[in-house]
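Open the model in your viewer and keep the sequence panel beside it. This tour tells you what to select at each stop and what is there.

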Amino acid sequence: GASAILLLVLLLMTPGAKRRSLSWIFNVLALVCNVIRCTIQCTEMTGPFLNFVLLTLQEYGDLSLGKHVRISIANSAMTTLVFIFIELALVTQVHVICAATIARLWRISILSFCGVVAMLAVGFRLNLMIRNCQETADLGKGIVGSPESGHRLEWAQSTSNTMAIVSICVFSSVFCIKLGLAIKSRRSLGLKQFGAMQIIFIMGCQTLTIPGKSSVACHLFAA
């Protein structure tokens, strides 16, 4: 519901000229895929794969798992699509904020670094999706995964989450640094009032960068 409302607001409130931008297109696609993903996930939550007793015992008896396998695989695929569109939108936004005011060498370096981080995050997410789909398909055939396959899936999940957090930290840092430089330029021009840019900068540092770094540290420590 929240994604659908946000999608509706984005479609209605965005001017026509900005609807041709790649960032807007990727954001819309991410929201559309997330609405579909959440709908599928609501169906999956009532299935046997998320039943605590059946999941713990790994014993599904005579249940017909074909439909539930397809639902689980579709949910995993849609989650990956949402993640890919989000990463593409972030890379596009970095390109937009760096295109006009940053020297060409710095712009290429920043875009290249952000692109590599995004590709690594997407790659680990695809690896997780493939392993998860394989485990689900085997479970539908009555093949219970070995402890080794469970450890590999757990590693894929942990690595994917860590890379997603790293990518969020990197993009948040780029946005916050760019906004900080813009505030510094405004101060050099004599514009020292406390306005919206300062509020966004402070909240960005507090709610994005610092918690993100703390999450990465927790994941690395747990690993």
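Contact here means heavy atoms within 4.5 Å of each other. Keep that cut-off in mind at several stops. One caution before you start: this is a predicted model.

**Stop 1: the whole chain**

Show the cartoon. How many helices and strands does the protein have? There are 7 helices and 0 strands. Read from the N terminus, the elements run α-α-α-α-α-α-α. Now colour by accessibility. Of the 223 residues, 32% count as buried. Residues 24 or more positions apart account for 70% of them.

**Stop 2: helix 2 on its own**

Select residues 22–45, which make up helix 2. Next, pick out the buried positions of helix 2. Among them are Ser23, Trp24, Phe26, Val28 and Ala30. Further along the list come Leu31, Cys33, Asn34, Arg37, Ile40 and Glu44.

**Stop 3: helix 1 against helix 2**

Which residues make the contact? From helix 1, select Ser3, Ala4, Leu6, Leu7, Leu10 and Leu11. From helix 2, select Trp24, Asn27, Val28, Leu31, Val32, Asn34 and Val35. Of this helix 2 set, Trp24, Val28, Leu31 and Asn34 are buried.

**Stop 4: Thr39**

Stay in helix 2 and select Thr39. Show its side chain. A polar atom there lies 2.8 Å from the backbone oxygen of Val35. Val35 also belongs to the contact with helix 1. Thr39 and Asn75 are 36 residues apart along the chain. Their C-alpha atoms are separated by 9.0 Å.

**Stop 5: Ile84**

Move to residues 66–99, helix 4, and select Ile84. Is Ile84 buried, partly exposed or exposed? Ile84 counts as partly exposed, because its relative accessibility is 22% and buried means under 20%. Leave out residues up to four places away in sequence, and Ile84 touches Val122 and Leu126. Ile84 and Gly123 are 39 residues apart in sequence. From C-alpha to C-alpha they are 9.6 Å apart in space.

**Stop 6: Thr159**

Select residues 147–188, helix 6, then pick Thr159. Thr159 is buried, because its relative accessible area is 15%, and the limit is 20%. Show its side chain together with the backbone of Trp155. The side chain of Thr159 reaches the backbone oxygen of Trp155 at 2.7 Å.

**Stop 7: Val170**

Remain in helix 6 and select Val170. At 14% relative accessibility, Val170 counts as buried. What is Val170 in contact with, leaving aside its neighbours within four places in sequence? Phe113, Cys114 and Val117.

Key. Residues are numbered from 1 along each chain as its sequence is written. This is a predicted model: local features need pLDDT of at least 70, side-chain atom pairs count only at pLDDT 80 or more; totals for chains, interfaces and linings use all residues. Side-chain values use heavy atoms; hydrogens and water are left out. Helices (H or I, at least four residues) and strands (E, at least two) are DSSP runs, numbered from the N terminus. A polar contact is a pair of N or O atoms within 3.5 Å; within protein, one must be able to donate a hydrogen and the other to accept it, and residues adjacent in sequence count only if both atoms are side-chain atoms. Buried means under 20% relative accessible area, exposed over 50%, partly exposed in between (1.4 Å probe, protein chains only).
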